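This report goes through side-chain pairs, strand pairing and a few local contacts in a predicted model. The sequence and structure come first.

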Amino acid sequence: VVMSQLAEVLHELDDDPTYKHAVVDFTAVDYFGSSLLESLRQIWTRLQPRGGRMALATVAPIGREILGVVKFDQLWPLVDSIDAALVSVRAG
């Protein structure tokens with residue numbers, strides 16, 4: 001399911017270069033592995049050249065630990081709500 005959703009997101013990003021920012025909601029994600037990390041990287045690879053920003057919302061403690069190990073927490077803010085993530089990507 002994640003990979004088909006990723007394909008849809010990437011297709012949207014490829015088709016519409018006006019998309020600059022992304023918020024990824026982890027509300028329903030308790031644990032994840034390399035597939036999700038690769039998905040985040042692929043989204044970021046498309047947004048970064050556009051000057052875009054990305055934020056990760058409602059990441060569980062174990063997820064924060066995983067993101068810290070791979071240093072993704074240094075690329076994108078990890079925030080406690082979708083609203084905070086939206087503020088983060090909109091901020092200059």
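## Aromatic cluster

F72 is buried, with a relative accessibility of 14%. In this predicted model, F72 belongs to one aromatic cluster together with W44 and W76. The count of aromatic pairs in the structure comes to three. One of them joins W44 and W76 in an edge-to-face arrangement, at 5.9 Å centre to centre and with 75° between the planes. This pair links distant parts of the chain: W44 is in helix α2, W76 is in the loop between α3 and β3, and the two are 32 residues apart.

Both W44 and W76 are buried. The ring centres of F72 and W76 are 4.9 Å apart with the planes at 70°, so this pair is edge-to-face as well. The relative accessibility of W76 is 2%, which puts W76 in the buried class, as the cut-off for buried is under 20%.

## Salt bridges between separate elements

How many salt bridges does the structure hold? There are three. In general, side chains of opposite charge can pair when their charged atoms come close.

D14 and R46 form a salt bridge through their side chains, with an N to O distance of 2.8 Å. D14 is partly exposed at 47% relative accessibility, and R46 is partly exposed at 25%.

R64 and D80 also meet in a salt bridge, at 3.1 Å from N to O. R64 is in helix α3 (residues 61–69), while D80 is in the loop between β3 (78–79) and α4 (82–90), so this pair ties together parts that are 16 residues apart in sequence. R64 counts as partly exposed, with 29% relative accessibility, whereas D80 is exposed, with a relative accessible area of 67%.

R41 and E38 form a salt bridge in which the closest N and O atoms are 2.6 Å apart. Both residues are in helix α2, three residues apart, and about one helical turn separates them. R41 is partly exposed, at a relative accessible area of 39%. E38 is partly exposed too, at 32%.

In which order do the three strands of the open sheet lie? The order is β1-β2-β3, and the pairing is parallel. The edge strands are β1 (22–25) and β3, each of which pairs on one side only. In general, strands of a sheet pair through backbone hydrogen bonds, either parallel or antiparallel.

Strand β2 (residues 54–57) pairs with β3 in the parallel sense over two bridges. L56 has L78, in β3, as its bridge partner. Helix α4 lies across β1, β2 and β3 and runs at about 170° to β2.

I62 is in helix α3. Is I62 buried or partly exposed? At 35% relative accessibility, I62 counts as partly exposed. Apart from neighbours within four places in sequence, I62 is in contact with D30 and Y31. The C-alpha atoms of I62 and F32 are separated by 8.9 Å, and these two residues are 30 residues apart along the chain.

Key. Residues are numbered from 1 along each chain as its sequence is written. This is a predicted model: local features need pLDDT of at least 70, side-chain atom pairs count only at pLDDT 80 or more; totals for chains, interfaces and linings use all residues. Side-chain values use heavy atoms; hydrogens and water are left out. A salt bridge is a side-chain nitrogen of Lys or Arg within 4 Å of a carboxyl oxygen of Asp or Glu. Buried means under 20% relative accessible area, exposed over 50%, partly exposed in between (1.4 Å probe, protein chains only). Helices (H or I, at least four residues) and strands (E, at least two) are DSSP runs, numbered from the N terminus. Two strands pair if DSSP finds at least two bridges between them. Contact means heavy atoms within 4.5 Å. Axes are lines fitted to C-alpha atoms, for helices over the stretch in contact, and angles run from 0 to 180 degrees between N-to-C directions. Rings of Phe, Tyr and Trp (its six-membered ring) pair if their centres lie within 6.5 Å; planes under 30 degrees apart count as stacked, over 60 as edge-to-face and the rest as tilted.
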